[in-house]
Amino acid sequence: LVVGAARGEGDIFGRPVPNIVWCQTVRQRGLVALFLGAMLAAGTAAQPAFDLVVRGGRIVDGSGGPPAPADVGIRGVRIAAVGELDAGAARVIDARGLIVAPGFIDVHAHADNIASRPQAENFVAMGVTTIVSGNCGYSNADIAAHLAHLERIGCSLNYGTLIGHGTIRTAALGTADRAPTPTELAAMRGLLRAALEAGALGMSTGLIYVPGTYADTDELAALAEELAAAGAIYASHLRNENARVLDAIDEALQIAKRTGVAVHLSHLKVSGKGNWGRARAIVDLLRDARVAGLRVSGDQYAYTAASTSIDVLFPAAELAIGGRAFAARLAGDPEFRARMRTALDATMQQAGFGDLSYCRIAHAPGNADLDGLTLPEAAGRRSGRSDADAQAELALELVVAARGRRITMIYHTIDDGDVETLMREPWIAIAADAGITSRTDAGKPHPRAAGNNPRVLARYVREKGVLDLPLAIHKMTGLPAASFGLEDRGAIRAGAFADLTIFDADTVVDRATFAEPLLAPQGIRWVIVNGTPVVADGAPTGARPGSILRRTARGSERDR
Ligand SMILES: [Zn+2]
């Protein structure tokens with residue numbers, strides 16, 4: 001414009017300009033054109049149509065529908081437009097050759113310490129933009145204070161939490177191995193209501209742990225009434241994941257039937273060699289329940305190994321005295337030690353492997369040099385013997401040496417065929433069951449913390465063809481958003497929050513192993529939370545654009 005007018009050619013943007021009588025000279029025309037041009041330039045520079053455009057990628061929108069080429073235009077924290085976008089943008093991400101998915105949502109995190117690790121790097125590196133913590137019966141006790149604190153310090157990803165059943169039970173009656181009195185139950189209901197009002201997304205149970213294991217179905221149903229009334233979810237670590245897993249699922253379904261609550265079954269699996277293949281029966285039972293109108297969902301991780309405390313090798317009733325007292329008794333009471341050895345042998349028999357070779361030490365305080373070894377390997381290193389007797393004796397010694405500090409174990413007890421059976425189901429979400437890890441952590445934690453989502457995309461989608469890419473993405477995005485009532489997340493559409501994970505479907509792969517469990521995945525190129533990149537061209541940015549997610553009655557009702 002400026003150049004053209006200054007030359008006196010009399011056109012603007014290629015159109016002839018009507019005779020401008022008050023611009024008699026080329027110089028006058030040039031000045032007017034300069035003025036008009038500056039006005040236009042100022043206008044467009046101050047307001048490009050988008051803050052960020054992701055251009056040229058293939059969109060997998062989280063609904064389960066097929067990939068489609070489109071650009072994504074972002075204004076502020078939300079997606080403003082999806083389509084062929086020519087308008088200006090302050091910033092452009094070139095996504096040619098890449099998949100553009102909604103940011104992954106992991107509804108089974110153990111990230112209750114996020115205040116000390118707000119960048120949650122292992123999660124964002126996997127493409128996770130939202131986590132739900134407070135699982136397996138344990139959470140922060142004061143949800144209002146916890147969420148307010150996180151809001152002040154800021155997190156890299158969006159964060160919501162459940163209230164732990166074990167947490168409120170401990171507040172009401174400690175770790176007593178009995179039913180609550182009516183007064184205590186009323187107190188628990190009050191604590192639950194307060195947590196829900198503060199924004200907890202629901203309640204989790206850990207029915208193999210102290211004190212959740214001491215709760216009967218009536219107690220859980222009473223609390224589920226509060227959840228149902230609030231439109232909040234009941235997320236359960238089942239009472240049994242081995243030979244009695246179907247009974248344990250039935251208990252959860254009974255609670256759904258009695259109260260109308262929406263039930264979510266955490267880290268679905270079948271443990272123990274004698275039970276392999278029973279995922280089929282689980283799927284049949286839960287499909288029937290869904291057809292019958294019960295609101296049932298679940299999640300799973302993409303590994304054939306579980307991870308939890310060493311406590312689960314011992315009878316829950318014996319653990320009521322507390323970890324420190326349990327370890328002291330094991331050290332000083334030969335009769336008790338003999339009884340625990342018998343119990344350990346029974347656990348071993350149930351697992352069906354003939355010994356404890358399925359157990360790997362993730363972290364044993366006091367024996368850190370054994371971290372990462374299986375029990376036969378560790379026993380061999382300590383005693384020169386690796387047989388079942390030496391393994392069991394070492395397990396007891398580990399508990400004694402830890403003196404009540406948590407020993408984390410990895411249990412290789414799951415069949416890959418069962419993992420696949422569950423992964424094909426469109427109502428079972430993908431979730432890591434992991435905490436926020438750091439390279440400075442002691443021990444060798446389960447590699448799922450750094451590999452779960454990429455492992456689904458690499459191993460189960462690309463290599464084995466167990467499920468297709470749109471279904472896998474749905475199970476990481478739209479499905480968990482709907483189950484947990486997370487409004488305007490888990491989808492790519494105008495109006496949704498701008499949480500995006502942009503990756504190369506041909507090369508994405510997990511690198512974390514049991515030997516090197518903290519290695520970050522490859523192929524996740526950009527991770528965007530509320531419009532701001534937290535991973536840019538494969539590298540973490542350290543930005544903290546995450547939102548604190550509180551349950552709203554509207555959200556939990558509308559999305560189901
Ligand atoms: Zn659990």
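Visitor: How many bridges join β21 to strand β22, and in which sense do the two strands run, parallel or antiparallel?
Guide: Helices (H or I, at least four residues) and strands (E, at least two) are DSSP runs, numbered from the N terminus, and two strands pair if DSSP finds at least two bridges between them. In this predicted model, local features need pLDDT of at least 70 and side-chain atom pairs count only at pLDDT 80 or more, while totals for chains, interfaces and linings use all residues. Residues are numbered from 1 along each chain as its sequence is written, and side-chain values use heavy atoms, with hydrogens and water left out. Strand β22 covers residues 532-536, and β21 is joined to it by 3 bridges, the two strands being antiparallel.

Visitor: Which residue takes a positive phi in the hairpin of β21 and β22?
Guide: Ile528 stands opposite Pro533 in β22. The hairpin has 2 residues between the strands, and the residue with a positive phi, near 50°, is Asn530.

Visitor: Why is strand β21 described as largely enclosed by the rest of the structure?
Guide: Buried means under 20% relative accessible area, exposed over 50%, and partly exposed in between (1.4 Å probe, protein chains only). Strand β21 spans residues 524-529, and it is largely enclosed because the buried ones number 5 of the 6 residues.

Visitor: Against which elements do the buried residues of α14 pack?
Guide: Helix α14 (residues 416-423) has 7 of its 8 residues buried, so it is largely enclosed by the rest of the structure. Among the buried ones are Asp416, Val419 and Leu422. They pack against α9, β15, β19, α15 (448-463) and α16 (469-476).

Visitor: Which residues does Thr304 touch, apart from those up to four places away in sequence?
Guide: Thr304 lies in the loop between β15 (296-300) and β16 (306-309), and it counts as partly exposed because its relative accessibility is 29%. Its C-alpha atom is separated by 6.6 Å from that of Thr413, although the two are 109 residues apart along the chain. With contact meaning heavy atoms within 4.5 Å, Thr304 touches Tyr411, His412, Thr413, Ile414, Asp415, Asp416 and Val419.

Visitor: In what order do the 6 strands of the open sheet come?
Guide: The pairing in this sheet is parallel, and the order is β11-β12-β13-β14-β15-β19. Each edge strand pairs on one side only, and these are β11 (163-164) and β19 (428-430).

Visitor: What is the bridge partner of Tyr234 in β14?
Guide: Strand β13 (residues 233-237) and strand β14 (residues 262-265) run parallel and are joined by 4 bridges. In β14, Tyr234 has as its bridge partner Val263.

Visitor: Which residues coordinate the zinc ion?
Guide: Donors are N, O and S atoms within 2.8 Å of the metal (3.2 Å for Na, K and Ca), and water is not among the atoms, so sites may look incomplete. The donor residues are spaced C-x100-H-x29-H in sequence. His237 in strand β13 and His267 in the loop between β14 and α9 (279-291) are 30 residues apart, a pair that links distant parts of the chain. At 2.0 to 2.2 Å, the zinc ion is coordinated by Cys136 (SG), His237 (ND1) and His267 (NE2).
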